[in-house]
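Subject: Handover of a structure and notes on its findings

Dear colleague,

Please find below the structure that I am handing over to you. I would be grateful if you would look through it together with the notes that come after it.

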Amino acid sequence: METGVQAVANKAEMQGIAEGWRRAGHSVGLVPTMGSLHEGHLSLVRRARAQCERVAVSVFVNPLQFGPAEDFDAYPRDEERDLMLLRKEGVDVAYLPAVGEMYPPGATTRVRVHSLDEKLEGAHRPGHFEGVATIVTKLFNAARPNRAYFGQKDAQQVALIARMTRDLDMDVEVVVLPTVRDPDGVALSSRNAYLTEDERRAARSLVGALRVANEAFGEGERDATRLRRRMVDVLAAEPLVRPDYVEVVDPATFDSPGTLAVLAARVGRTRLIDNHPLGQPL
Ligand code: PAF
C-alpha cells in the first residue's frame with residue numbers, strides 16, 4: 001500500500017523522530033544507502049519493512065568514502081525517483097542530509113576499524129572504509145535503529161560494520177541480505193549505469209569467474225591458490241576487464257584462505273566489485 005514518506009534533512013529532526021518511535025515501543029529499521037536506488041536496495045527495504053515497525057532509509061552520497069580521483073561528483077543521483085520508490089515501499093522516513101549537515105566545519109572525528117580497513121578494497125581505496133565507518137556511525141546516531149540492513153555485494157563493508165558494532169558495543173543488529181543480480185548474473189550496482197554496451201557484456205565475466213570458482217569448490221577443490229587461478233583465467237580472457245584483486249578469503253577477517261571468493265576489476269573506466277560465498281548456489 002502506498003503511503004507518504006516523510007523527507008527529513010536535519011539530523012536533530014531525524015533524532016527526534018527516532019526517539020519518538022523508540023519511546024512508543026516501536027522497533028526501528030535503518031537502510032543506509034547512497035541513493036540511485038535499485039532492486040538490491042529495495043530488497044533491503046522490504047526486509048526492514050517486514051521485520052521492523054518503523055523504517056528509515058538514508059540517502060546520502062558520502063564524500064568521505066570517495067578518494068580524490070574517484071567518482072564523487074559523477075556518482076548517479078536522482079532524489080525524486082528515490083523518494084517515489086521509497087513511498088511505494090511504505091518507508092516512514094527518507095533521511096536526506098546535505099553534506100554540510102553531516103560534516104559541518106571542524107568535524108574532524110573519524111571512526112576506523114583497524115587492519116580490516118587496510119585489506120583488499122581498503123588497500124585499493126585508502127580512506128574508503130574510514131569514510132564508511134564514520135558515516136554509518138553517524139547514521140546510527142541519527143536514526144537509532146534496532147536493525148540496520150546491508151547487501152552482501154559489499155562483503156568487506158559488511159564485515160567491517162559487523163566488527164565495528166561489536167567493538168564499539170553498538171546496540172544494532174546488522175542484517176545482511178544476498179546480492180541481487182540481473183538475469184545475466186551481473187550484480188546490481190549504481191555504478192553499472194556508467195557501463196557502455198560492450199563493457200556491460202564484459203562485466204559478465206566477473207560473475208563468470210565466481211561461477212567457475214563455485215563449480216570447482218562444488219567438485220571438492222579447496223586450495224585457495226588454485227581457486228584464485230581459475231578466476232584470474234576467466235577475467236584474463238576478457239580484454240575490457242582489468243582486475244584489481246581476486247582472492248578467496250575468510251568472510252570475517254578478509255585473510256586468505258577462506259570460503260568467500262572476492263574480486264574487484266575495472267571494466268573500461270568503471271570499477272566494479274563482486275563476491276560469492278563458495279558452496280552456495282549462484
Ligand atoms: O553501501 C553504501 O551504499 C554505502 O557505503 C553506505 C553504507 C550507505 C555508507 O555511505
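Predicted model: local features only at pLDDT ≥ 70, side-chain atom pairs only at ≥ 80, totals over all residues.

Helix packing

Two packed helices are described by the angle between their axes and the distance between the axes. I begin with helix α9, which spans residues 204-218, and helix α10, which spans residues 224-236. Their axes lie 8 Å apart, and the packing angle is about 150°. An angle over 145 degrees counts as roughly antiparallel, and α9 and α10 are therefore roughly antiparallel to each other. Their crossing is right-handed. On the α9 side, the contact is made by S205, L206, G208, A209, L210, V212, A213, A216 and F217. These residues meet L227, R230, M231, V234 and L235 in α10. By class, the residues of this contact divide into eleven nonpolar, two polar and one charged.

The second pair consists of helix α1, residues 11-23, and helix α6. Here the axes come within 7 Å and cross at roughly 55°. M14, Q15 and A18 in α1 meet N141, A142 and A143 in α6. This contact has four nonpolar residues, two polar residues and no charged ones.

Salt bridges

How many salt bridges does a search of the whole structure find? The search finds 21, and I describe some of them here.

The side chains of E70 and R125 form a salt bridge, with an N to O distance of 2.6 Å. E70 belongs to the loop between β3 (54-59) and α3 (79-88), and R125 to the loop between α5 (121-124) and α6 (128-143), so this pair ties together parts that are 55 residues apart in sequence. E70 has a relative accessibility of 30% and counts as partly exposed, whereas R125 is buried, with a relative accessible area of 10%.

R112 and E118 also meet through their side chains in a salt bridge, at 3.2 Å from N to O. R112 counts as partly exposed, at 33% relative accessibility.

Within helix α10, R229 and D233 are four residues apart, which means that they are separated by about one helical turn. Their side chains meet in a salt bridge with an N to O distance of 3.4 Å. R229 counts as partly exposed at 47% relative accessibility, and D233 also counts as partly exposed, at 42%. Elsewhere, salt bridges that share partners join D182, D184, R200 and R204 into one network.

A142 lies in helix α6, and its relative accessible area is 1%, so A142 is buried. Leaving aside residues up to four places away in sequence, A142 touches M14, Q15, A18 and Y95. A142 and K11 are 131 residues apart along the chain, yet their C-alpha atoms are separated by 5.9 Å.

Is P97 buried or exposed? With a relative accessibility of 6%, P97 counts as buried. P97 is placed in the loop between β4 (93-95) and α4 (99-102). Not counting residues up to four places away in sequence, P97 touches V8, A9, V59, F60 and M102. By contrast, P97 and A237 are 44 Å apart in space, C-alpha to C-alpha, and 140 residues apart in sequence.

Backbone geometry

Most residues other than glycine have a negative phi, and most peptide bonds are trans. The following places depart from that pattern.

The peptide bond from S256 to P257 is cis, with omega near 5°. P257 is placed in the loop between β7 (241-249) and β8 (260-267).

S115 has a positive phi, near 75°. S115 is found in the loop between α4 and α5 and is partly exposed, with a relative accessible area of 37%.

R144 likewise has a positive phi, near 45°. R144 sits in the loop between α6 and β5 (147-151), where R144 is partly exposed, with a relative accessible area of 30%.

With kind regards

Note on methods: Residues numbered from 1 in each chain as written. Heavy atoms only, no water. Axes fitted to C-alpha atoms, helices over the stretch in contact; angles between N-to-C directions. Helix = DSSP H or I, 4+ residues; strand = E, 2+ residues; numbered from the N terminus. Parallel < 35°, antiparallel > 145°, perpendicular 65-115°, else oblique. Left-handed = near helix turned anticlockwise from the far one by under 90°. Contact = heavy atoms within 4.5 Å. Nonpolar A, V, L, I, M, F, W, Y, C, P; charged D, E, K, R; others polar. Salt bridge = Lys/Arg side-chain N within 4 Å of Asp/Glu carboxyl O. Buried < 20%, exposed > 50% of the residue type's maximum accessible area, 1.4 Å probe, protein only.
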